[in-house]
Amino acid sequence: MDSACASLNATVAYASGNGISSGGSLFWGESLKGIQNQKCRDLRAQPWKNVGVNSRSCKSTRPGVINSVLTPDLDQETMAFDMRMFESKKADPKNVASIILGGGAGTRLFPLTSRRAKPAVPIGGCYRLIDVPMSNCINSGIKKIFVLTQFNSFSLNRHLARAYNLGNGVNFGDGFVEVLAATQTNGETGKRWFQGTADAVRQFIWVFEDAKNKNVEHVIILSGDHLYRMDYMDFVQKHVDTNADITVSCVPMDDSRASDYGLMKIDNTGRIVQFSEKPKGRELKAMQVDTTILGLPKDEAKRYPYIASMGVYVFRTDVLLELLNTTYASCNDFGSEIIPSAVKDHNVQAYLFNDYWEDIGTIKSFFDANLALTEQVGIFFFLFSFPCSTTDSGN
């Protein structure tokens, strides 16, 4: 072969929460408003200028077509290729299941949790905290939903039964909402209640080994006491695009609350290289990072020197089964045990969430969040373009 020429439109771009874009954060995740990546530019490939072929002989080349010139005296041969070969796999909500954790004893929210689980605590008037992840799932198209309950679950179970059933509540079509209540089973280990978030999922891991869930490729682990609005399929899409085993949703965090969350360090591809759950003292200071890597301006990066986990994860189903049943069979908590250990030998990615998010774990955060909802220009809305489902289910 004497020479070859090709006409390709090659655009260098990077990712946002909705896929490929030309502006946003420096790694896959939600793009930060107002931040532009000046390094992103459009490159046009013109290789015929360098291979000794007269550019006039390549005038007929088109984007998406490879042209090979075998010899000067032979006709040009053309081979077309499908541009879809270069597109990433599209995540399908039908292959995603969610597990909403019903919360622990909720001692920091007492007396609001004296007779109800944390996710059943009212918020914003007629809503319950559980309505937030439930509506996020529904609006994301995820309709295989499991809710794990243990403490003071009567009010929560009643609300779920009334608000999210196939009769007079939300119609799920071929989806479902199933409550997985803590229970005792045969055997020594079956006599224990949930020992932590990971143990709660482990005790019902057989659900994902069941034939009816054999098509579930990804499992999202959610908390039932957070206030935020997220399209989980953007989250899952990033997980798929980076071929991650686990993806952790994160937010920038300031000094005042950093010790309340799991903190991480990431490389320039968004891969988590270190994870520490609720560090204190010197360990806390050691987790400080330059958050301009997230796309924050320098002044904001100084105010938010930590990257905090939201406690929202997506696992490949096979990886989740392996970690809980084999690799870390004795570990009981995702944040303090599973995730810190998994970053050493698995592809654990960070997903930047750039919107309002609040962990309703204390009386102060509960009070502040409710007051914020009353503002004319609020920081969070239950209705409008991304509705939140609920119904009046009593106390």
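Colleague: Among contacts between residues at least 6 apart in sequence, what share joins residues at least 24 apart?
Modeller: Keep in mind that this is a predicted model. The pairs counted here lie at least 6 apart in the protein chain, and we ask which of them join residues at least 24 apart. That share is 70%.

Colleague: How many helices and how many strands does the protein chain have, and what part of its residues is buried?
Modeller: Happy to take those in turn! The protein chain has nine helices and 19 strands. It holds 395 residues, and a residue counts as buried when its relative accessible area is under 20%. The buried part is 49%.

Colleague: What share of the accessible surface belongs to carbon and sulfur atoms?
Modeller: The accessible surface of the protein chain comes to about 19900 Å². Of that surface, the share of carbon and sulfur atoms is 51%.

Colleague: Is Cys137 in helix 1 buried or exposed?
Modeller: Look at helix 1 as a whole to begin with: eight of its nine residues are buried, so the helix is largely enclosed by the rest of the structure. Among those buried residues are Asp131, Met134, Asn136 and Cys137. Cys137 has a relative accessibility of 0%, and because buried means under 20%, it counts as buried.

Colleague: And Cys331, is that residue buried or exposed?
Modeller: The same cut-off works here: buried means under 20% relative accessible area. Cys331 has 12% relative accessibility, so it counts as buried.

Colleague: How many disulfides are there?
Modeller: A disulfide needs a pair of cysteine sulfur atoms within 2.5 Å. By this rule the count is zero.

Colleague: Which residue's side chain makes a polar contact of 3.4 Å with the side chain of Ser140?
Modeller: Find Ser140 in the loop between helix 1 (131-139) and strand 10 (144-149). Ser140 is buried because its relative accessible area is 7%. Beyond its neighbours within four places in sequence, Ser140 is in contact with residues including Pro93, Met230 and Tyr232. The side chain that joins it in the 3.4 Å polar contact is that of Asp231.

Colleague: Which residue following helix 1 has a positive phi?
Modeller: Move on past the end of helix 1 and check the backbone angle phi. A positive value, near 85 degrees, belongs to Gly141.

Methods:
Residues numbered from 1 in each chain as written. Predicted model: local features only at pLDDT ≥ 70, side-chain atom pairs only at ≥ 80, totals over all residues. Heavy atoms only, no water. Buried < 20%, exposed > 50% of the residue type's maximum accessible area, 1.4 Å probe, protein only. Helix = DSSP H or I, 4+ residues; strand = E, 2+ residues; numbered from the N terminus. Polar contact = N/O pair within 3.5 Å; in protein donor to acceptor, adjacent residues only side chain to side chain. Contact = heavy atoms within 4.5 Å. Areas by Shrake-Rupley, 256 points an atom, 1.4 Å probe, with all protein chains shown as cover.
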